[in-house]
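My entries follow the structure.

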Protein chains: 2
Amino acid sequence: MQHPFDQALLLTPTSDNHASGASHPAWANMVGPFGGMTAAVLLKAVMQHPALLGEPVSLTVNFCAAVADGAFDVQALPVRTNRSTQHWTMSLVQNGETVITATAVTAVRRTTWSATDAAMPQVAPAAECAAAKPLSLEWTNRFESRPVQGGLPQVWGGQEASSLSQVWVRYAEPRTLDLLALAALCDVFFPRIFVRRASRVPIGTVSFTSYFHTDSAQLAALMQPQSFVFGQAQAQCFRNGFFDHTAHIWSEGGVLLATTNQVVYYKE
Amino acid sequence: MQHPFDQALLLTPTSDNHASGASHPAWANMVGPFGGMTAAVLLKAVMQHPALLGEPVSLTVNFCAAVADGAFDVQALPVRTNRSTQHWTMSLVQNGETVITATAVTAVRRTTWSATDAAMPQVAPAAECAAAKPLSLEWTNRFESRPVQGGLPQVWGGQEASSLSQVWVRYAEPRTLDLLALAALCDVFFPRIFVRRASRVPIGTVSFTSYFHTDSAQLAALMQPQSFVFGQAQAQCFRNGFFDHTAHIWSEGGVLLATTNQVVYYKE
């Protein structure tokens, strides 16, 4: 039995730059699939493209409309190939309408001087943190989350609080974290307005950007199938219908794996 | 005499979704024009498009290759128009080759509950900070920068330091800040590796994303032609040829105007 993440990633090439896929019920969100899964599908189209150079450095996904349950066509176009970097534009189309636009940069990396300025905060280890209660959204069952702080409010009473969340997280069904699984994890954080205001207003991510600070070889060396990663997300500004958050994902040992930002529509 | 920013922004529509422009010597960088100017040109193509809905919420610009001095064609395509949001893909083409890809989201904003979680740090006012010394790069003369901390190193000796920069900045030739000028300002920060390592290694931004937390009406109310804004940038991770930074731009009074991130190639 294939892992539910790999089932949802399945894309069948239909021509040079096109592949067909479908939403998968294991990743159902309020409307359509979990956005992180959709981001991973778009990156998968790049990573299985025969012209691929290197591995992902950046990924931006714009959610033009909700992905409907059912089949979709993904286009991944290598727009420009340089000596060590490659630029991609992608889209996801359903019933002739563009639902997602995206861009990615991939690169062949060389070993250079490296340093991490965004250090992982000192927090209690995953083993000492309790798992979050299950939610009714199907995709949330695909992850095991152990909040350190800033979990979903116990009471939806509209009381204001910090928008900072810290959480240990891993795929519920064990699977060694690779770049695609990391791309999906970058969207694992609940909408900051839920945490900030203890209020479940309608929301929808409009644009989502991730930078990858690791590669397949390093992930293979760092990760076991049951390893946790540590995630932190914090809102920066809520203004007239849109808020953004900035987030970081570190390995259990404090290696920064990805930094990610998104801007989200909210209704009030 | 038109302001040098407006001179460089000039785009002449050539068909529904295309316009022609040209690099401007006032914005010359090491190779080609200042990236922030290029980002503003791409956003200008959106903002002057007859089908435009609303104002920018997010902008991602991917630098596929250096923009050459001379003419270019900009395409801005409204891919999807919803009730209050609109999704755009853009590109800049020179001699038949794609040099830039970009995406943007625009929206009609409604007044809602708003809050800023990323507060402006307490720093000395602009009037108490000395202007940075002029540099030989032409575009840097288009801005007046007054570093609070983390200016360019006095000695390029390779000594490691913090990657945090704080700076008061405004257009050198007075011009009231609007959304396009803000989009360009989002790229005003020197490459973090210059500050972090006191080393001028070859660099090039590969992807650049900005979120706008303000609109034209608020900017018009907040800004005078000679107003400063306060910018802060900090690297997050340098790893094997690519680093990212996260940055914020506030008004003099502490209103968060934009949050912006970029990932940059570096050679060593």
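I worked with a predicted model, where local features need pLDDT of at least 70, side-chain atom pairs count only at pLDDT 80 or more, and totals for chains, interfaces and linings use all residues. Residues are numbered from 1 along each chain as its sequence is written, chains are lettered from A and ligands numbered from 1 in the order written, and side-chain values use heavy atoms, without hydrogens and water.

**Strand E12(A).** Buried means under 20% relative accessible area, exposed over 50%, partly exposed in between, with a 1.4 Å probe and protein chains only. 10 of the 10 residues are buried, so E12(A) is largely enclosed by the rest of the structure. I checked both faces: A:Phe242 and A:Trp250 are among those pointing one way, A:Phe243 and A:Ile249 among those pointing the other.

**Partners.** I count two strands as paired if DSSP finds at least two bridges between them. E11(A) (residues 229–239) pairs antiparallel with E12(A) over 10 bridges. A:Arg239 bridges to A:Phe242. Two residues separate these strands in a hairpin, and A:Asn240 in the turn has a positive phi of about 45 degrees. E13(A) (residues 256–266) pairs antiparallel with E12(A) over nine bridges. The hairpin of E12(A) and E13(A) has four residues between the strands, with A:Gly254 at a positive phi of about 95 degrees.

**Loop residue.** I found A:Met30 between strand E2 (18–22) and helix H2 (35–47) of chain A. A:Met30 is exposed, at 65% relative accessible area.
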